[in-house]
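Dear colleague,

I am passing on the structure below, which you have not worked with before. Please look it over first, and then read my notes on what was found in it.

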Amino acid sequence: MFSPAQANVPPQEPSSPSAPSGSRPYRSHKVPACGRCRKRKLRCSVDVPGQACQLCYAAKVVCTQLRTTEKPLGSCRRSPEPGDADSLGLSGQQHVARPTKRRRHELCEDAQGQSPTSGAHGHLPQVIVSPTNHRHDLTSSRASVTAPQAQDESGSKSAMIVGPVMAEDVQMIENYMSSHGRPQHSPGDSNYNTISDNPQDPVLYLTVPRKRQGLIMRHRPGEKQREIFEQILGPFVDDVVALYFEFIHPSFPVLDEEHFVHLFKTGNKSLSAALVCELLASSLIFWNRSKSLQNHPSPDLLYAWNLAVAALQEEFLAPGMSTINAVLLDLMGRPTTSITGNTINSGRTVGLSHILGLNRDPSTWRISDTEKKMRVRLWWGVLIHDRWSSFAHGVPTYVSKNQYEVPVPTVDVLMTSGMENLARRKAAECFIALCTLTEILGDILPLVYDRRQKPAPELSKPLRRFQNALDDWEDSEPAASLLKWDDNDGEIVSGSSSLKLGFLSIKMLICRVSFRSATHFPEPDLLDMRRYSQAILRESAREIIKFLCSLKSHHLAEFWSPYSAYHISSATIIFLRCTIEASDSLILSSCKTTLLEFMQWLRHAKEVEKWDLADICLAQCEGPILQICNGNRTLSQLDTMIPLRYNPIMTEEIDTTMFNFNGFDGGVHTGPSVLDTQNNVNGFEYPYADLWDLF
């Protein structure tokens with residue numbers, strides 16, 4: 001069998017004694033295999049020289065031919081320019097050189113040489129040497145010594161923003177040294193670099209290693225997982241990428257679409273492989289929305305997400321700006337199967353964002369406008385995940401309001417050049433409304449996690465202030481037009497239904513905090529306040545259920561935040577509690593009917609519409625609701641097309657053992673220890689008992 005290594009062996013004369021008789025003559029490739037066929041180890045057949053090979057032509061992808069290039073000695077690697085993959089947060093870890101067998105005289109490239117495809121983005125240059133080039137034989141020994149050092153250093157550095165207090169001290173020292181005749185040094189000799197010399201708020205960054213010292217990475221982070229993705233998707237890779245920018249990116253525009261598409265289509269190796277894996281996994285939820293994909297079986301979502309998560313963990317070994325992009329896509333992915341992993345990733349992302357200075361306003365920095373827009377988009381993506389994951393998962397936020405100064409993005413910051421259509425502009429306005437709503441949520445959450453409980457009279461004033469802020473947000477644009485959509489008139493803005501559910505959930509959160517403060521203090525004069533707070537809380541949860549039941553198929557096909565699943569579950573549990581505690585028979589009957597109708601709607605959304613956001617609520621609430629409201633009958637025994645009318649069932653008939661989740665029996669914990677490594681409930685790692693006091 002022919003081995004590619006034989007291509008470097010010079011042909012021998014037939015009369016040469018070193019050539020054994022009967023040995024196969026040397027065969028060289030007139031046209032070398034393209035990069036795609038070489039990576040997949042497939043036969044590369046070219047019909048017309050200079051054109052794409054047969055496989056690339058059939059797959060409709062760019063056929064990249066590996067050509068030999070010559071570079072003069074002493075060529076220097078340039079630093080990343082604005083628009084490069086590294087500066088825009090799309091580049092992954094540096095390319096890792098793999099040792100190849102070659103003759104000594106083939107090491108003819110200088111260690112500082114650079115390939116046109118990878119060196120331009122600040123990564124390890126890919127050395128391509130012609131086997132017939134013997135002009136640099138004298139430098140081969142020097143190149144063989146310096147090349148490993150260059151490979152280890154190229155692209156292995158990252159920038160760490162210096163804290164504001166220390167930045168002022170460093171700037172003062174630098175100014176003093178420069179004014180007192182300090183010897184002139186090259187810019188590379190300074191440990192600190194200035195990108196904003198504002199005397200009131202200087203911004204400096206320190207160059208630090210991107211990975212741990214001594215850590216050896218045999219391949220780029222996520223490269224193996226990306227190859228598996230490409231093998232699974234085959235010729236549909238481009239279609240899956242298009243799904244992301246059609247259904248996800250307009251409503252959550254954190255990527256630089258134009259630059260990402262350019263790097264992906266040209267096969268540029270500077271593009272982060274982990275980011276590509278996360279993008280492909282996020283897009284699979286919309287597989288059936290594509291006309292070219294819906295007739296083909298969809299890849300397994302769980303397996304795809306496991307690949308993407310594995311690639312992301314490798315990316316965190318040498319984190320950078322591309323890691324932020326990858327994590328934001330991972331946290332926004334559906335369905336959600338690991339709350340613990342997402343919460344940990346959210347915390348790591350906030351820490352990395354502060355290291356990279358994303359929490360600072362870049363408007364006056366000496367960087368390109370493209371990078372300024374990119375930093376604003378990334379920070380608001382980080383902040384949205386921090387606040388809404390805290391709301392959904394019951395974990396305090398990692399970002400305080402006084403720790404960032406990034407302005408709310410505008411439509412111009414979010415729009416992609418050449419894609420300024422009306423639908424995308426409306427989706428960008430929806431994202432802006434989500435950013436402003438996130439700031440209101442950030443003001444409320446400290447009250448939720450304040451362990452020093454305050455009596456209801458002390459909380460009434462801040463709660464009224466938050467309610468007024470929420471009312472002002474509802475009446476302002478663009479939220480006013482987005483929330484008052486009419487199903488029969490006008491086009492639905494993708495993401496507006498998710499935005500309205502978040503708005504209603506925050507209203508319910510304010511009512512829940514008020515009810516909790518009135519319940520935890522036994523003052524007799526608070527009895528009327530408790531009843532009033534419970535009634536308001538019940539109606540706020542009912543409003544969410546009523547809104548969800550009004551959604552149609554095209555609403556469920558929109559962009560939805562994964563945190564919507566927890567808002568649905570929280571509203572259902574709160575409404576179920578209010579049902580159990582209801583003393584009026586009419587209210588009890590009405591609540592039971594509403595719960596049964598809602599369970600039927602969720603079952604329809606899950607089984608018919610394939611809406612994954614209904615899974616958590618059904619898994620946690622369907623059984624208790626059916627037992628409380630309808631005996632022990634299942635939803636399959638009910639007619640889902642007819643409005644339900646049921647007689648009230650007394651709460652004395654309820655089997656209270658069904659509420660003994662997580663090993664609680666009479667208030668005593670009898671289940672697994674809190675120190676156990678695994679304590680999964682209902683398959684979602686979500687403790688049902690804790691949801692009663694989630695807010």
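Of the 24 residues of helix α17, 20 are buried (under 20% relative accessible area, with exposed meaning over 50% and partly exposed in between, for a 1.4 Å probe and protein chains only), so this helix is largely enclosed by the rest of the structure. Helices here (H or I, at least four residues) and strands (E, at least two) are DSSP runs, numbered from the N terminus. Helix α17 covers residues 496–519 and reaches 34 Å from its first C-alpha to its last, close to the 34 Å expected at 1.5 Å a residue, where the expected span is 1.5 Å times one less than the number of residues.

This is a predicted model, in which local features need pLDDT of at least 70 and side-chain atom pairs count only at pLDDT 80 or more, while totals for chains, interfaces and linings use all residues. Residues are numbered from 1 along each chain as its sequence is written, and side-chain values use heavy atoms, with hydrogens and water left out.

Helix α10 (residues 321–331) is also largely enclosed by the rest of the structure, because eleven of its eleven residues are buried. Its buried residues pack against α6 (237–248), α8, α9 (301–315), α11 (339–355) and α12 (369–393). In helix α8 lies S282, which counts as buried at 5% relative accessibility. Apart from neighbours within four places in sequence, S282 is in contact (heavy atoms within 4.5 Å) with I248, W305, L329 and G333, and L329 is one of the buried residues of α10.

M177, which is found in helix α4 (residues 164–179), is partly exposed, with a relative accessible area of 35%.

For the protein chain as a whole, there are 22 helices and five strands, and buried residues make up 47% of its 695 residues.

Some care is needed with confidence, given as pLDDT, the predictor's value for each residue from 0 to 100. The chain has a mean pLDDT of 75, with 69% of its residues at 70 or more; confidence is lowest in helix α3 (residues 140–153), at a mean of 32, and highest in helix α8 (residues 273–283), at 95. Over residues 94–154 the pLDDT stays under 50, and over residues 632–695 it is below 50. Where pLDDT is low, the predicted coordinates should not be read in detail.

With best wishes
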